[in-house]
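Reader: I have a sequence and a model to look at, and I would like to learn how to read the features one by one. Could you guide me, please?

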Amino acid sequence: MRLGVLDVGSNTVHLLVVDAHPGARPLPAHSHKVELRLAQLLDEDGAIGPEGVDKLVGVVQEALQAAEDKGVEELLPFATSAVREASNADDVLARVQTETGVELQVLTGAEEARLTFLAVRRWFGWSAGKLLVLDIGGGSLEIAYGIDEEPDTAVSLPLGAGRLTAAWLPGDPPAPDAIRALRRHVRAQIARTVGEFSRFGAPDHVVATSKTFKQLARLAGAARSADGLYVQRELKRGSLESWVPRLAGMTTAQRALLPGVSEGRAEQLIAGAMVAEGAMDLFGVETLEVCPWALREGVILRRLDQLPSA
C-alpha cells in the first residue's frame, strides 16, 4: 500500500510518501517539505501566534493535496515538540482539524525517542548489539538505549537546535558570552541523564539521526547525501570539537556556504553542534554512525507492524 507520513516538526513540515507492505522495507516514492520553523514562532507566552497557525494550516493543506496527487491510501499525521509544548496546543490542533480535516497525533518526547530507536534498530539489525541513539531536532534532543526494538530507557530534553538558537543566540555571529552560557546550559541538561544510561553498560554501537548530525558529519568529511543511503557516514568527536569554535565565529551567511549546510538550517547549526559535542563528550562517544532512517520511518514501521501479514 502507499502510505504517507505527515511530520509537523519544530523546523519542517514534511510529507513522506512510501510504498510499503509488512515484512519489506518501505520504499520512498515522494517527499514534500516546507521549512516553517515553528519552534522559533512561539511568542513570549509560549504560544504559536496567529501568523504561525495560519502558515501551519496552509502547509498542511498543501501536504494533503500532494498526498492526494501521489495516491496515498493512508495518511499518518503527527506533531512533535513545537506543537506539544505550545501553550495554545489544543487550539492549534483544533483549528488544523477544523480547517483541513487532519487530526494530528501529538507524540510525547519519549514516544519520539522510541520510534526513532525502532527505525535505527531495523536499519542496523540485531548484529549491532546494544544501541545508543541520539537525535537532535528543532525543539528537542532525544536519547535512547537498548538491545531490543523497544529501548531500555529513553529521554527527551528541551535542547533542540531551533529552540536554543532563538532563546540563547540572538547575535550573528553570536557573542562569545552567549556561546559560553549556552555550552554550560546544554552540558548541565545532558549530564543529568547520563547516570540513567550508564547503569545499562557501554553500548556496542552509537548512532545519530537528524539533519543536524547529517550536516555535521558532512562538514567532517562524510559522503554527500547524493552518494546514496547505503554509504557509511561517521562523525568523530575530535572533528566535531574542531568545528564548533569555527562555526561559532561565522555569520549565518558564512555557514550557509559550507558543504552540506542548507540555507534554512545555517542559523541553528552552531547550537546543534554544541548539543552534539556535549552529548558525545558526556556519554564518552569517540565515533558515531549516522543513520538515514529516523522518526518518520519509525512511524511507518510501527504502522506496518499493525497490518495483517496476508
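This is a predicted model: local features need pLDDT of at least 70, side-chain atom pairs count only at pLDDT 80 or more; totals for chains, interfaces and linings use all residues.

Reader: In which order do the five strands of the open sheet lie?

Author: In a regular strand the side chains alternate between the two faces of the sheet. Strands (E, at least two residues) and helices (H or I, at least four) are DSSP runs numbered from the N terminus, and two strands pair if DSSP finds at least two bridges between them. Here the order is E3-E2-E1-E4-E5, with mixed pairing, and the edge strands, each pairing on one side only, are E3 (27–35) and E5.

Reader: Which pairs run parallel or antiparallel?

Author: Strand E1 (residues 2–8) pairs with E2 (residues 12–19) in the antiparallel sense over seven bridges, and Leu6 stands opposite Leu15 in E2. With E4 (residues 74–79), E1 pairs in the parallel sense over six bridges, and there Val8 has Ala79 as its bridge partner. E4 also pairs with E5 (residues 105–106), again in the parallel sense, over two bridges, where Ala79 stands opposite Val106.

Reader: How do helix H8 and helix H10 pack, and at what angle?

Author: Two packed helices are described by the angle between their axes and the distance between the axes. Axes are lines fitted to C-alpha atoms, for helices over the stretch in contact, and the angles run from 0 to 180 degrees between N-to-C directions. H8 (residues 237–248) and H10 (residues 269–282) pack at about 150°, with their axes 9 Å apart. They are therefore roughly antiparallel to each other, since angles under 35 degrees count as roughly parallel, over 145 as roughly antiparallel, 65 to 115 as roughly perpendicular and the rest as oblique. Their contact (heavy atoms within 4.5 Å) includes Leu240, Val244 and Leu247 of H8 and Ile270, Ala273 and Met280 of H10.

Reader: Which backbone angles deserve a second look?

Author: Most residues other than glycine have a negative phi, and most peptide bonds are trans. Arg37, in the loop between E3 and helix H1 (50–69), has a positive phi of about 55° although it is not a glycine. Ser210, in the loop between strand E9 (205–209) and H7, has a positive phi near 100°. The peptide bond from Asp172 to Pro173 is cis, with omega near 5°, and Pro173 lies in the loop between helix H5 (161–168) and helix H6 (176–198).

Reader: Is Ser210 buried or exposed?

Author: Buried means under 20% relative accessible area, exposed over 50%, and partly exposed in between (1.4 Å probe, protein chains only). Ser210 has 11% relative accessibility and so counts as buried, whereas Arg37, at 26%, counts as partly exposed.

Reader: What does Leu301 touch?

Author: Leu301 is found in helix H11 (residues 295–306), and at 5% relative accessibility it counts as buried. Not counting residues up to four places away in sequence, Leu301 touches Pro26, Leu118, Ala119, Arg122 and Trp293.

How values were computed:
Residues are numbered from 1 along each chain as its sequence is written. Side-chain values use heavy atoms; hydrogens and water are left out.
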